[in-house]
Each structure stands twice: as C-alpha cells, then as structure tokens.
Amino acid sequence: MANVPLLELDRLSKSFRREHTESLILEEISLKVADGDFVAIVGPSGVGKSTLLRLMAGLTQPTKGRVLFEGRELRGVNGDSALVFQSFALFPWLTVEQNVRLGLEARGIDPSAAKSRVAYYLDKVGLDGHEEAYPRELSGGMKQRVGLARALAVEPKLLLMDEPFSALDALTSVSLREELLEIWSDSSLPVNTVVLVTHLIEEAVELADRVVVIAGSPGRVRDDLRIELPRPRQKNSAAFNEIVDRVFSLIV
C-alpha cells in the first residue's frame, strides 16, 4: 500500500474512569509515523505520553478514534511492536538469556532459532558473556541493555521506548543513546522505526527526526517539529539550542 504510514493515530481520545468521574487524558490526537522514522514525544508530566505509547502498542484501547498499523485498524495487542520500559521490567528469577528469550517463547519461535537470535542481540547491545547473570548482578545500564535486547529480539517493525534512560546516570545515558542511534541506523537490523517518550527536550532533539509536543489538559498535539540538523548533533551549537528553546516554549 503506497504512502500508507506504518502507524497512524486518527483523532484519538482516551479517558479513564476514576470512582464516579470520567477523566479525559488525551483528546483528538492525530499523528502519522512513517517506516524509518525516529519520533520523540515530549510534554509535561501527567500529560498522557506513556498512555499514548500503550495505545500504539495495543495494550490499552482508545475511547474514541482509531489506531491504524500498516493501514489496518489495530484491535488488541500490536504484535509488530515492542516496548522498552523505564523500570527495566526484568524478571529477577530469570537469567539475562532467559529474560531476552521470554518474548520469543511467547511468540512460538523454534528453541534453536530463539537461542541463536538471543545471542545475536545480546552481542548487539554489548552483553555477550553475561548470558547467565541475574538482574541483581547487573548495573542499571546493563539492565536496560537487557530490556533493549529483549525488545529487539522479537524484531518488531516498531520499537516503542518509554523514558528508557531516565533512571540511569548521565554517562550511561549518553552511551546508550549513542548505541540506540547505531541500532536504528543499522540497515542489517529489521528495527528501523522508533517512537521515544522522554521528559528531556535535549534528548529528543539529539535523537529524533521529529519532535511531537503534547501539552494541555487533556493532552493534545501542540506541534510536530521536523529536526533537520545533521548527525551527530552538536548540543552546544546555536541551531541545536534554538530548537530546544522552541520546544520548551511550546510546553510551558
């Protein structure tokens, strides 16, 4: 289907019922993500950014509007997406290898093929040799690498990331951002479309092709900015800081 976006949110609204009242979180969100895009979503805390990712993944359903994936309305979990969480979400009783293999087992991948794929993606995220380690033995950065490998191993068409670097120290965050860009731009890997939620405007401008600003109560798309700066981006440049200031002005 020519010119059909990989993902489309069509006048999407989401509300939650709390006690006897209905709380509208997101209203009339329309957004298109093309195959190969790197999109960052920014906005103030509580505006519904994480809810938006869950709608894209099919983990929750819209109150109004539609989520379309490859032109078809999404009904249920999006099997062509994978989600990386802020909190790592690893099972402490499973080894690194077992945590990464879990998603493949759930999809019925042949055990020998799953083993090979797990080894491949652990190597890609720099965890070769840590297959038998347990989460308690890993640093925060290594835990997030496990979460990333687990998402990559199912080879999703759409990689969704919910503030994946916010719980990490500054140096580890810098390293993982660089690795994420390498993975996204690696033509040998099937994962080439990323939607990242972040509360850091600088991170969004550094990584993404587009920065979507969600603001207001309920949350609405305030702007959708295309970032034309060449990579690697110079965070101390006037052009970079001009875009950061513009995004900031849309949020406050």
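What follows is a set of questions and answers about this predicted model.

Visitor: Why is Trp93 called exposed?
Guide: Exposed means over 50% relative accessible area. Trp93 has 58% relative accessibility, so Trp93 counts as exposed. The residue sits in the loop between strand 6 (81-84) and helix 2 (96-106). Together with Phe91 and Leu102, Trp93 makes a nonpolar surface patch of about 300 Å².

Visitor: Why is helix 4 called roughly parallel to helix 5?
Guide: The axes of helix 4 (residues 140-153) and helix 5 (residues 170-185) cross at roughly 15° and come within 11 Å. Angles under 35 degrees count as roughly parallel, and therefore helix 4 is roughly parallel to helix 5. The crossing of these two helices is right-handed.

Visitor: What makes Ser175 partly exposed?
Guide: The label covers values between the buried limit, under 20%, and the exposed limit, over 50%. Ser175 has 26% relative accessibility, so Ser175 counts as partly exposed. Ser175 is found in helix 5.

Visitor: What makes the contact of Glu203 and Arg177 a salt bridge?
Guide: A salt bridge needs a side-chain nitrogen of Lys or Arg within 4 Å of a carboxyl oxygen of Asp or Glu. For Glu203 and Arg177 the N to O distance is 3.0 Å, and their side chains meet in a salt bridge. Glu203 lies in helix 6 and Arg177 in helix 5, so the pair ties together parts that are 26 residues apart in sequence.

Visitor: Which other residue forms a salt bridge with Arg177?
Guide: Arg177 also pairs with Glu206, the closest N and O atoms being 3.1 Å apart. This pair links helix 5 and helix 6 across 29 residues. Salt bridges that share partners join Arg177, Glu203, Glu206 and Lys235 into one network.

Visitor: How do you know that Arg177 and Glu206 are buried?
Guide: Buried means under 20% relative accessible area. Arg177 has 9%, so Arg177 is buried. Glu206 has 15%, so Glu206 counts as buried too. The C-alpha atoms of Glu206 and Phe240, 34 residues apart along the chain, are separated by 8.2 Å.

Visitor: How many salt bridges are found in the whole structure?
Guide: The search finds 18 salt bridges. Among them is the pair of Arg11 and Asp10, with the closest N and O atoms 3.3 Å apart.

How values were computed
Residues numbered from 1 in each chain as written. Predicted model: local features only at pLDDT ≥ 70, side-chain atom pairs only at ≥ 80, totals over all residues. Heavy atoms only, no water. Patch = residues over 30% accessible without salt bridge, like charges linked within 9 Å, V, L, I, M, F, W, Y side chains within 5 Å. Areas by Shrake-Rupley, 256 points an atom, 1.4 Å probe, with all protein chains shown as cover. Helix = DSSP H or I, 4+ residues; strand = E, 2+ residues; numbered from the N terminus. Buried < 20%, exposed > 50% of the residue type's maximum accessible area, 1.4 Å probe, protein only. Axes fitted to C-alpha atoms, helices over the stretch in contact; angles between N-to-C directions. Parallel < 35°, antiparallel > 145°, perpendicular 65-115°, else oblique. Left-handed = near helix turned anticlockwise from the far one by under 90°.
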